[in-house]
Amino acid sequence: MSKQTTSSREEKSTQAPAERSCDVVISGGGLVGLTLAAALSGAGLSVEVVDAQEPRKVLSAPFDGRASAIAAGSRHILEGIGLWSLVADKAEAIEEIRVSDGRIERRASPFFLHYDSEELGLGPLGHIVENRDLRRGLHQLLSSRKTFRLHAPDLVVDSQRDANGARVILDSGVEIRAALVVAAEGRNSPLRRAAGIPVRTWQYRQHGLVCTLEHERPHHGVAHEHFLPSGPFAVLPLRDDDAGRHRSSLVWTERPELAERMMALAPKDFAWEVQRRFGDTLGQFSVEGPRWSYPLSLLHAQRYHDTRLALLGDAAHVIHPIAGQGFNLGLRDVAALAECIVDTRRLGLDIGADAVLERYERWRRFDNMMLAGITDGLNRLFSNDIPPVRLARDLGFAAVERTPGLKRFFMRHAMGLVGDLPRLTRGEPL
Amino acid sequence: MSRGNSSSTVDPAEIEKFSAMAEAWWDEQGDFAPLHRQNPMRLSYIRDKACAHFQRDPKELTPLKGLRVLDIGCGGGLLCEPLTRLGAQVTGIDASEKNVAVAGLHAEQGGLEIDYRCITAEDLAETGETFDIVLAMEIVEHVADVGAFLEASASLLDKDGAFFLSTLNRTTKSFLMAIVGAEYLLRWLPRGTHHWKRFLRPSEVTRQLRQSRIEVRDLAGMVYNPLNDSWRLSRRDLEVNYLLYGQKAD
């Protein structure tokens, strides 16, 4: 087997793999897992992350072409852990969101919802950052942390957890003792399954199509969410590339059969299909880079913890991408879990104790369930073409549009600024 | 570092019994659940006042590094262990041989270096040893001679040290909460754990401490919230449980 970890490379002279020890082991080195690692190591805790992917591969363009919407509350979290300054020049501010109801090759409904940052007076509504820029920033940030270690490519193959501590065994043979194990492994989390934590889940009859669009005219920081009968169709503003080309990120939900056909099209024909649905506000589209398609599902774990195990991000909850909130929920998990862990450690108490993990779950469960419900409801409401439903939602848009208090609340919630917020989300240091 | 002279004199057959007791002390849902619930609040009070006293940063992971701490009436070590993780060099004393053995065993399992001894405060004071921080938590209401106990505790405190004490107030509310509520209704504690008449009002403790040359610098109430089963500090409500921090008078 060619797999080799950073640690086993250093210690390969000894036959028996060394047993390591740290405060927290995180299984999964995706955006959410690494953000938690950055928050905890920044507070001085020792953190080891185990990730299946080769670090170099993860940072290359074809690995992940997605972009993430960073709500204002999430930006505070990234500022708090020291990441924002590393990605700020790659982030495009969303100054305005235009939500409209439409059909292919028809003008958008005259009733549309319009969110403007000037209305709220709290700065931009959010930012769009490409995942690979976030990933690069996290690797850069963590490379200077003395209490951080990455085991990649490697896998957690077994874990033993009891009142006295946890021990994880990696595929490479390395053993790590820790007070707490965090599963940040995504929706199919093996640690969640091994712990026997049940989930509620269902598939949407929809796929998400994702790629980067280039277009003739500048977007002026406007995000478009266009509700088509097959599902939401979002065009989100990206930074111009180095050659000064205007770019946006496309998130297009489509019925699985059609999504497959779209994926098979030549770039030029694909761009034309996008154009038919979007119109010519941004001029002509072209699609140069790779395209991704994945099935959409909803998932919510019945518990967020087990003995010395916490579920984080997609391992605990997967929601419909309709509102671009999935990563934001993951970051809010990070802010809450990091605060529970760090506050406990600063009292010299056991960070893996049930009471700590229960506090984390109580803090996050309601917010996660709310957004899973809201996004599910929105998707059901919008992914159809039944005339009375269309009329009702158009009137609903108009009502929200004309009720400033309600609209402000929706905006603040989408920005992650509602509720009992962790210090990081409030923009305070951990 | 000696791990408590008593732990070495313990009969191996007793070890098993002690280990079961250690599990009971450290089971957060078990017999000592109320103490575990109180612990974060007590620790944050001690940490924050001690950090202010010794000019340390409470956000550091080991802010008490190098400080010698004495915990009088340490029980199973519920305060000794976290304070050790915060960097302190901790000595825990208890009049009960069993408690000392249990605490020593648990510390060993967790790989923590803690000096546990079966000795009273009065006897330890005879040796002339002093500490940077002296804790007398939930103990003064159990001693026979409060004056002698506080005098001994004060003499164990270094002249620049910080002194902490927590106990129960003698009020109608404390009778209802600590005796009727905790011992009879909720059964948190065995009946007869506390004698209400031995409870001390803050003014009485403050006066007694002043006679032993300790000036009380801060008083805070500990208030239980039954809705989320947690405790918080209160500036105003000292009616039932309260904590204080003091230092040697000049």
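Two residues count as being in contact here if their C-beta atoms, placed from the backbone, lie within 7 Å. With that in hand, here are the close-ups, all taken from a predicted model.

**Figure 1. Chain A, the overall picture.** The chain has 430 residues, and 49% of them are buried.

**Figure 2. Helix H2 of chain A against helix H7 of chain A.** Here H2(A), residues 31-42, meets H7(A), residues 131-143, with the two axes coming within 10 Å and crossing at roughly 30 degrees. Angles under 35 degrees count as roughly parallel, so H2(A) is roughly parallel to H7(A). The crossing itself is left-handed. From H2(A), the residues making the contact are Leu31(A), Leu34(A), Thr35(A), Ala37(A), Ala38(A) and Ser41(A). H7(A) answers with Asn131(A), Leu134(A), Arg135(A), Leu138(A), Leu141(A) and Leu142(A). Sort the residues of this contact by class and you get eight nonpolar, three polar and one charged.

**Figure 3. Helix H2 of chain A again, now with helix H11 of chain A.** H2(A) also packs with H11(A), residues 326-345, at an angle of about 30 degrees and with the axes 9 Å apart. That angle makes H2(A) roughly parallel to H11(A). This crossing is right-handed. On the H2(A) side, look for Leu31(A), Val32(A), Thr35(A), Leu36(A), Ala39(A) and Leu40(A). On the H11(A) side are Phe327(A), Gly330(A), Leu331(A), Val334(A), Leu337(A), Ala338(A), Ile341(A) and Val342(A). The class count for the contact of H2(A) with H11(A) is 12 nonpolar, two polar and no charged residues. Leu31(A) and Thr35(A) turn up in the contact with H7(A) and also in the contact with H11(A).

**Figure 4. A cis peptide bond in chain A.** Zoom in on Ala152(A) and Pro153(A), which are joined by a cis peptide bond with omega at about -5 degrees. Pro153(A) sits in the loop between strand S8 (148-151) and strand S9 (156-162) of chain A.

**Figure 5. Two loop residues of chain A with positive phi.** His220(A) is not a glycine, yet its phi is positive, near 55 degrees. You'll find His220(A) in the loop between strand S12 (199-215) and strand S13 (222-228) of chain A. His220(A) counts as exposed because it has 10 C-beta neighbours inside 10 Å, and the cut-off for exposed is 12 or fewer. Arg308(A), another non-glycine, also has a positive phi, of about 55 degrees. Its spot is the loop between strand S18 (305-306) and strand S19 (309-311) of chain A. Arg308(A) is buried, because 27 other C-beta atoms lie within 10 Å, and 20 or more is enough to qualify.

**Figure 6. Arg365 of chain A in its helix.** Arg365(A) belongs to helix H12 of chain A, residues 354-382. It has 16 C-beta neighbours inside 10 Å and therefore counts as partly exposed. Val182(A) is 183 residues away from Arg365(A) in sequence, and their C-alpha atoms are 16 Å apart in space.

**Figure 7. Helix H7 of chain B and what covers it.** This helix runs over residues 146-155 of chain B, and its buried residues are Phe149(B), Leu150(B), Ala152(B), Ser153(B) and Ala154(B). The cover over the buried residues of H7(B) includes helix H6 (121-126) and helix H9 (202-211) of chain B. Strands are part of the cover too, including S1 (68-72), S4 (131-137), S5 (157-168) and S6 (214-225) of chain B.

**Figure 8. Where chain B touches chain A.** The contact takes in 14 residues from chain B and 10 residues from chain A. On the chain B side, helix H3 (33-53) and helix H4 (80-85) each supply at least two residues. H3(B) gives the most to that side, with five residues. By class, the chain B side divides into seven nonpolar, three polar and four charged residues. For the complex, the predictor gives an ipTM of 0.87 and a pTM of 0.86.

**Figure 9. Confidence along chain B.** The average pLDDT of chain B is 88, and 93% of the residues score at least 70. Over residues 1-10 of chain B, the pLDDT is below 50, and this stretch has 21 contacts in the model beyond near neighbours in sequence. Where pLDDT is low, the predicted coordinates should not be read in detail.

Technical notes
Residues are numbered from 1 along each chain as its sequence is written. Chains are lettered from A and ligands numbered from 1 in the order in which they are written. This is a predicted model: local features need pLDDT of at least 70, side-chain atom pairs count only at pLDDT 80 or more; totals for chains, interfaces and linings use all residues. Helices (H or I, at least four residues) and strands (E, at least two) are DSSP runs, numbered from the N terminus. Ala, Val, Leu, Ile, Met, Phe, Trp, Tyr, Cys and Pro count as nonpolar, Asp, Glu, Lys and Arg as charged, and the others, Gly among them, as polar. pLDDT is the predictor's confidence in each residue, from 0 to 100. Axes are lines fitted to C-alpha atoms, for helices over the stretch in contact, and angles run from 0 to 180 degrees between N-to-C directions. Angles under 35 degrees count as roughly parallel, over 145 as roughly antiparallel, 65 to 115 as roughly perpendicular and the rest as oblique. A crossing is left-handed if the near helix is turned anticlockwise from the far one by less than a right angle, and right-handed if clockwise.
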